[in-house]
Amino acid sequence: MKKNTPFNSSFISQKISLNLLVIVMTLALILIGGLTRLTGSGLSMVDWAPIKGVIPPITSLEWQQEFNNYQKYPEFKEKNFWMSLSDFKRIFYFEYIHRMLGRLIGLSLFAIFLYFLLKKKLTFKEKANYISLLILVSLQGVLGWYMVKSGLVDNPFVSHYRLAAHLSLALVFLIYLWLFWLSHFNLKKNQLVGNANKVLNGLIVLTFIQIVLGAFNSGLDAGLIASDYPKMRNEWLPREVFFNPSSTFLLDNPFFIHFFHRHLGILLGAALIFFSFYYFSKAKTPDLRYALLFLGIFSISQPLLGILITLKSIPISLASLHQMIAVFMMLNLFYLKWRVRS
């Protein structure tokens, strides 16, 4: 009789499938989170009720009460005073779906962990990974509310620092989950020659910085200050980039953030393109060549898409695609990192 262990192929397949489902849900969460920001929906739910808030307004009276509650806060008074109840419902559902999907991810992770724990099919390291992921997803929920609170006081805008922290933690959670999922496969190490490992470290850091700058760009609405390229407001280097009287700190200056984000994007794109094509012929396996090919395609399309978004004054569909390509680029880099680690 075959002895059941945590390494039986049937249980490994289950872990791979269930964890992949959580990865897909997390990608959807980041996508909807970006849409929530782009559509100005993030401050529509002014309460944080982890249990009670699961049920949305149903009756006309409940909807009116929710709308009346929203009207007490700065976003309605200063920005959305023109809104009707039907307009409010539209932005409410974006934020509602975003919050519910986050809770569903947490519950799904807990259910998967409990299932394998009761089956006694987890190694000590897997238990530690699941517990760490559950802590991260819980912190993300708390950080999300902390972000929302920043826009419910005097200023009807969330803090761009808290927005960037929220996105960064989501990315950390996704990467952790991605590497945990990859650990279930028997993938060989040292599959690229030369200094690929060290170069990847630098590219990952720069890509993460660029994504954080993208969050700053979104939080400050910095993308709207210039709709021309390669110049910025018809200048190569506008004075406001470093001398903006309305901003005392560079990271609060939308001109600086916009300028830095667009130029770092070009430099990073060029570095990623060079890396992917340089190592393509040196890759030892077909999957690595595919990963490098996709990295090259993403690295070419991402700066071009960023330029198009600037020229078109940030259309929601293209901006959302821009964010998701950045996320896939990061996962691609960590796949390569996983394969070339020593």
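**Terms and values in a predicted model**

Author: In the protein, 77% of the contacts between residues at least 6 apart in sequence join residues at least 24 apart; contact means heavy atoms within 4.5 Å. This is a predicted model, in which local features need pLDDT of at least 70 and side-chain atom pairs count only at pLDDT 80 or more, while totals for chains, interfaces and linings use all residues. Residues are numbered from 1 along each chain as its sequence is written, and side-chain values use heavy atoms, with hydrogens and water left out.

Reader: How many helices and strands are there in the protein?

Author: The protein has 10 helices and zero strands, and its pattern along the sequence is α-α-α-α-α-α-α-α-α-α. Helices (H or I, at least four residues) and strands (E, at least two) are DSSP runs, numbered from the N terminus.

Reader: What makes the protein as compact as a globular protein of that length?

Author: The globule rule is 2.2 Å times the number of residues to the power 0.38, and the radius of gyration is taken over C-alpha atoms. For 342 residues the rule gives 20 Å, and the radius of gyration of the protein is 22 Å, which is close to that, so the protein is as compact as a globular protein of that length. The C-alpha trace spans about 70 × 55 × 30 Å along its principal axes.

Reader: Why is helix 1 called roughly antiparallel to helix 4?

Author: The axes of helix 1 (residues 9-38) and helix 4 (residues 85-118) cross at roughly 165 degrees and come within 9 Å. Axes are lines fitted to C-alpha atoms, for helices over the stretch in contact, and angles run from 0 to 180 degrees between N-to-C directions. Angles under 35 degrees count as roughly parallel, over 145 as roughly antiparallel, 65 to 115 as roughly perpendicular and the rest as oblique. Helix 1 is therefore roughly antiparallel to helix 4. The residues of this contact divide into 17 nonpolar, eight polar and two charged. In this classification Ala, Val, Leu, Ile, Met, Phe, Trp, Tyr, Cys and Pro count as nonpolar, Asp, Glu, Lys and Arg as charged, and the others, Gly among them, as polar.

Reader: What is the relation of helix 2 to helix 4, roughly perpendicular or roughly parallel?

Author: The axes of helix 2 (residues 60-70) and helix 4 cross at roughly 85 degrees and come within 10 Å. The two helices are therefore roughly perpendicular to each other. By class, their contact has eight nonpolar, one polar and two charged residues. On the helix 2 side are Trp63, Gln64, Glu66, Phe67 and Tyr70, which meet Leu85, Phe88, Lys89, Ile91, Phe92 and Tyr93 in helix 4.

Reader: How do you know whether Asn332 is buried or exposed?

Author: Buried means under 20% relative accessible area, exposed over 50%, and partly exposed in between (1.4 Å probe, protein chains only). Asn332 has a relative accessible area of 10%, so it is buried. This residue is found in helix 10 and touches Ala291, Phe294, Leu295 and Phe298, not counting residues up to four places away in sequence. Buried residues make up 48% of the 342 residues in the protein.

Reader: Why does Arg289 count as partly exposed?

Author: The relative accessibility of Arg289 is 30%, so Arg289 counts as partly exposed. Arg289 is found in helix 9. Not counting residues up to four places away in sequence, Arg289 touches Phe280, Ala283 and Lys284. The C-alpha atoms of Arg289 and Tyr279, 10 residues apart along the chain, are separated by 8.4 Å.

Reader: What is the class of Ser218, with a relative accessible area of 23%?

Author: Ser218 is partly exposed at that value. It is found in helix 7 (residues 196-219) and touches Arg37 and Leu163, not counting residues up to four places away in sequence.

Reader: What makes the backbone at Arg233 and Ile314 worth noting?

Author: Most residues other than glycine have a negative phi, and most peptide bonds are trans. Arg233 has a positive phi of about 55 degrees although it is not a glycine, and Ile314 has a positive phi of about 60 degrees. Arg233 lies in the loop between helix 7 and helix 8, whereas Ile314 lies in the loop between helix 9 (286-311) and helix 10 (316-340).

Reader: Which peptide bond is cis?

Author: The bond that joins Tyr229 and Pro230 is cis, with omega about 10 degrees. Pro230 lies in the loop between helix 7 and helix 8 (254-280).
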